[in-house]
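Visitor: I'm new to this one, and I'd like to know where the labels come from. Could you show it to me and take my questions?

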Amino acid sequence: MHAAILREHGEPLAIRDVPEPEPEPDDAVVRVDACGVCRSDWHAWMGHGEWADDSVPRGQILGHEPAGEVVSVGDAVSRFAPGDRVVVPFSLGDGTCSYCRRGAGNVCGDGRALGFEPEAPGAFAERVAVPDADYNLVERPDWLDATAAAALGCRYMTAYHALAERAALSGGDALAVHGCGGVGLSAVQIGNALGARVVAVDVDEEALAMASDLGAAVGVNPAALGDDESVSDRVRELTGSGVDVSVDALGIAETCRNSVRSVRPRGTHVQVGLTTEAERGEVALPTDWMTRWEVSFLGARGMPPTSYDDLFALIEATEIDPGALVHREIPLSAVSDRLATMSEYGVRGVEVVTDFSE
Ligand SMILES: [Zn+2]
Ligand SMILES: [Zn+2]
């Protein structure tokens with residue numbers, strides 16, 4: 001089968017023919033019909049993460065946002081069978097530890113990150129093996145096609161988990177989203193669906209226009225502000241005393257600090273974006289100010305597979321369309337080009353591999 005492999009950090013991925021995965025007893029093998037290209041792939045491609053013992057080795061099949069259909073299962077798998085339509089979360093739990101049993105499989109200590117480690121080859125491939133499938137695999141509702149579902153294994157579910165589960169965003173709240181790439185736009189759409197008034201922040205007018213289409217009430221372009229006005233000043237001006245919840249959906253020092261500074265007293269910042277070579281996992285924060293105003297700083301990564309029913313219920317009840325985030329469908333051979341384009345912040349919305357034949 002065709003697969004896209006990390007050959008050297010920063011160099012084009014190699015498209016190679018590799019053996020198809022065979023399911024271990026607890027695995028399912030899924031035919032990949034769609035797989036999103038994400039900034040996390042870019043981080044892996046760039047070789048980021050060594051500062052968090054999280055860098056991806058050469059030889060890895062990348063790709064962690066698959067949706068498709070089960071083609072085979074191991075002997076111990078009971079909940080899934082060939083033909084089942086599924087979405088695969090990238091943050092895989094072992095299904096047995098206390099975190100998994102408490103519904104927090106995304107922070108499982110023995111969990112794996114699909115497409116980021118040799119034990120879990122990724123889904124920029126025609127087929128992907130899903131470990132501990134009974135726990136991790138998620139049945140895809142009839143109304144959700146594979147392309148629209150591709151981001152549900154990563155960016156879309158991460159945004160839901162960050163807002164609804166970590167920050168407890170609720171109707172009537174004000175939400176700021178800093179950085180309107182794939183996960184940021186997901187946060188805009190989901191925040192709006194949860195009943196929040198959304199302020200979208202991005203230096204790119206096209207990204208702000210997409211945010212507006214997805215339900216942002218107002219956009220802020222930091223590049224268009226005057227010298228004496230900061231992003232957080234502007235957010236405060238628009239919301240009174242600041243937002244209830246603010247998300248850094250990019251992960252650079254500037255968006256992280258802007259997001260923290262945007263919240264009201266006792267408000268909540270959620271960090272979703274991972275940092276770059278410039279920050280190496282550490283950002284200086286206004287801790288005295290955060291203490292004075294009792295500001296919370298939360299992290300969010302992925303989502304427990306046990307939360308998908310709640311996410312699907314929100315999508316159905318509010319009739320939002322995750323497919324509206326998909327800006328472009330591409331062949332496997334185009335992934336390298338799109339990763340390089342991410343270095344220039346040139347990618348809009350969500351891009352999805354839907355053709356694995358080339
Ligand atoms: Zn992703
Ligand atoms: Zn676990």
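Guide: The zinc ion (ligand 1) has Cys-38 (SG), His-64 (NE2), Glu-65 (OE) and Cys-154 (SG) as its protein donors, 2.0 to 2.3 Å away. This is a predicted model, where local features need pLDDT of at least 70, side-chain atom pairs count only at pLDDT 80 or more, and totals for chains, interfaces and linings use all residues. Residues are numbered from 1 along each chain as its sequence is written, chains are lettered from A and ligands numbered from 1 in the order in which they are written, and side-chain values use heavy atoms, with hydrogens and water left out.

Visitor: What makes those atoms donors of the zinc ion (ligand 1)?

Guide: Donors are N, O and S atoms within 2.8 Å of the metal (3.2 Å for Na, K and Ca); water is not among the atoms, so sites may look incomplete. These lie 2.0 to 2.3 Å from the zinc ion (ligand 1), so they pass the 2.8 Å limit.

Visitor: Why is the arrangement around the zinc ion (ligand 1) called tetrahedral?

Guide: Four donors count as tetrahedral if all angles lie between 85 and 135 degrees. Here the 4 donor atoms subtend angles of 96 to 125 degrees, so the arrangement is tetrahedral. Along the chain, the donors follow the spacing C-x25-H-E-x88-C. Two of them link distant parts of the chain: His-64 is in the loop between H1 and S4, while Cys-154 is in the loop between helix H4 (146–149) and H5, 90 residues apart. As for the names, helices (H or I, at least four residues) and strands (E, at least two) are DSSP runs, numbered from the N terminus.

Visitor: How do you know that His-64 and Cys-154 count as buried?

Guide: Buried means under 20% relative accessible area (1.4 Å probe, protein chains only), exposed over 50%, and partly exposed in between. His-64 has 0% relative accessibility, so it counts as buried; Cys-154, at 5%, counts as buried too.

Visitor: And what makes the zinc ion (ligand 2) site tetrahedral?

Guide: Its protein donors are Asp-94 (OD), Cys-97 (SG), Cys-100 (SG) and Cys-108 (SG), 2.2 to 2.3 Å from the ion. Those 4 donor atoms subtend angles of 96 to 119 degrees, which makes this arrangement tetrahedral. The spacing here reads D-x2-C-x2-C-x7-C, and both Cys-97 and Cys-100 are buried.

Visitor: Why are H5 and H11 called roughly perpendicular?

Guide: Helix H5 (residues 155–166) and helix H11 (residues 308–318) pack at about 95 degrees, with their axes 11 Å apart. Axes are lines fitted to C-alpha atoms, for helices over the stretch in contact, and angles run from 0 to 180 degrees between N-to-C directions. Angles under 35 degrees count as roughly parallel, over 145 as roughly antiparallel, 65 to 115 as roughly perpendicular and the rest as oblique. H5 and H11 are therefore roughly perpendicular.

Visitor: What makes Gly-122 count as buried?

Guide: Gly-122 has 2% relative accessibility, so it counts as buried.

Methods: Tetrahedral: all angles 85-135°; square planar, octahedral: opposite > 155°, others 65-115°.
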